[in-house]
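Hi everyone, thanks for coming. Let me put today's structure on the screen, and then we'll walk through it together.

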Amino acid sequence: MDVGTVRVGLAASDPDGMLATPVETLARDGRTRPGRLPKDLARVVREARERCARCVYVGLPRHLSGAESSSSHSARAYAGTLAQAVAPIEVRLVDERMSTVSAHQALWASGRSGRRHRDVVDQAAAVVILQYALDAERATGRRPGERVEVDPSLGPTGQGAVGDATDDGGATRT
């Protein structure tokens, strides 16, 4: 997943974990409803469950220096809520430096005009993130990135209440 402030890009792998493909771009749902997940997160949860995902990779934006930013903190919070909601499916944060740049380059190379990038760049960035994770896992035999820990005392929404993961939204199978 490529988590932004406005949109979330989703990608999925084939069942063998060899190839990442784009799935969907979701609008972020900023509404908070007690005991319920935002629509984008609910869609991700549903997609992960339908695809029998074993792991969901969430891109962790960093500065080129490796330092974290406010975007990193936002991605961590999103991944934490997601991890609570999809448990026992594992959620991992992976370095996504340059994923959006790589996505734009791939879109240009495919002949897609710059003004049409916005529609799919988040999905393309999610593909870059997922493909990196799949390749790293195959090369090392271990899942890359940092595991997002789940607090079993909290409910699926991370707020101590059972959330509803049936709202409309989109997910990833990673």
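**A first look**

Of the 174 residues in the protein chain, 46% are buried, meaning under 20% relative accessible area with a 1.4 Å probe and protein chains only (exposed is over 50%, and partly exposed lies in between). Please keep in mind that this is a predicted model, where local features need pLDDT of at least 70, side-chain atom pairs count only at pLDDT 80 or more, and totals for chains, interfaces and linings use all residues. Residues are numbered from 1 along each chain as its sequence is written, and side-chain values use heavy atoms, with hydrogens and water left out.

The protein chain has four helices and six strands, which are DSSP runs numbered from the N terminus: H or I of at least four residues for helices, E of at least two for strands. Going along the sequence, the order is β-β-β-α-β-α-β-α-α-β.

Now to helix α4, residues 121-140. After α4 comes Gly-141, with a positive phi near 80 degrees.

Finally, where does Glu-90 sit? Glu-90 is in strand β5, residues 90-95, and it counts as buried because its relative accessibility is 10%. Leaving out residues up to four places away in sequence, Glu-90 touches Arg-54, Cys-55, Val-56, Arg-143 and Arg-147, where contact means heavy atoms within 4.5 Å.

Note on methods: The expected span of a helix is 1.5 Å times one less than its number of residues.
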